[in-house]
Each structure stands twice: as structure tokens, then as C-alpha cells.
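Biologist: I would like to go through the labels on this model. Take me from each value to its label.

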Amino acid sequence: MVPTAFSWIQHGLIGGWVLAPGYQRPVAEAMAAAGNSAAIAKVLQITRTAQCLQCYSSSSSLGYIITALGSAVCMLSALTLSNENPNPRNRA
């Protein structure tokens, strides 16, 4: 639940700043020029708390990736062992 909460906060912060009047034009120009990744990078550059938001976004993304990989490993070990609850040793 913690990575989900972090993702909601991250999307709320970035979405709120993108919709602010002073940020719409630079973000739209970055998106038109290079796509979504450039627009996100632009938001993370032009906000007042850019360094804090960059760290937060990186840790939130890392938490999502770790959670997704943990779920995938659990499913793969459950399918391989034909057991709904594989032990931690087998998941490792």
C-alpha cells in the first residue's frame, strides 16, 4: 500500500504543477518536441522544489519497480512449484 500511496502523491503533485498557468506552456512545448519523458523532465526542472520532487519521483518509481518484480517472482515460483504460497527460499 505504501508504493501506491507514494504514486498517488507523485501523480497529484506533478499533475497539479502541470495544470498551473505558469507551467502549461513549457511542458506542452517539451512534450511536442520530444514526448512524454521530456515533459516529465521539464516539470521536474522548473518547479520550485525540483530537487525534492526529483528524489521523490525516483524513489516512488523505484518502489513501484521493486513491488512489481516481487510480485512477478512470487507468481513465477508459485507456477513452477505448483504451490500457492512458495516459501521465501524458493522465491529468492
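This is a predicted model: local features need pLDDT of at least 70, side-chain atom pairs count only at pLDDT 80 or more; totals for chains, interfaces and linings use all residues.

Biologist: Which residues of α1 and α4 meet?

Modeller: From α1 come P3, A5, F6, S7, I9, Q10, L13, I14 and W17. From α4 come L53, Y56, S57, S60, S61, G63 and T67. By class, this contact has 9 nonpolar, 7 polar and no charged residues.

Biologist: What makes up the largest nonpolar core?

Modeller: I14, V27, A39, V43, L44 and L53, 6 residues in all. Helix α3, residues 36-46, gives the largest share of this core, with 3 residues. To belong to such a core, a residue must be buried and joined to others through side-chain atoms within 4.5 Å. In soluble globular proteins, nonpolar side chains tend to be buried together.

Biologist: What does L44 touch beyond its neighbours within four places in sequence?

Modeller: L44 is in contact with I14, A50, L53, Q54 and S57.

Biologist: Why is S77 called buried?

Modeller: S77 has a relative accessible area of 8%. Buried means under 20%, so S77 qualifies. S77 is found in helix α4. Not counting residues up to four places away in sequence, S77 touches P86, N90 and R91.

Biologist: How do you know that R89 is exposed?

Modeller: The relative accessible area of R89 is 67%. Exposed means over 50%, so R89 counts as exposed. R89 lies in helix α5, residues 88-91. R89 and R48 are 41 residues apart along the chain, and their C-alpha atoms are separated by 46 Å.

Biologist: Why does G15 count as partly exposed?

Modeller: G15 has 30% relative accessibility. Buried would need a value under 20%, and exposed one over 50%. G15 falls in between, so the label is partly exposed. G15 lies in helix α1.

Biologist: How far apart are G15 and S59?

Modeller: They are 44 residues apart in sequence and 18 Å apart in space, C-alpha to C-alpha.

Key: Residues are numbered from 1 along each chain as its sequence is written. Side-chain values use heavy atoms; hydrogens and water are left out. Contact means heavy atoms within 4.5 Å. Helices (H or I, at least four residues) and strands (E, at least two) are DSSP runs, numbered from the N terminus. Ala, Val, Leu, Ile, Met, Phe, Trp, Tyr, Cys and Pro count as nonpolar, Asp, Glu, Lys and Arg as charged, and the others, Gly among them, as polar. Buried means under 20% relative accessible area, exposed over 50%, partly exposed in between (1.4 Å probe, protein chains only).
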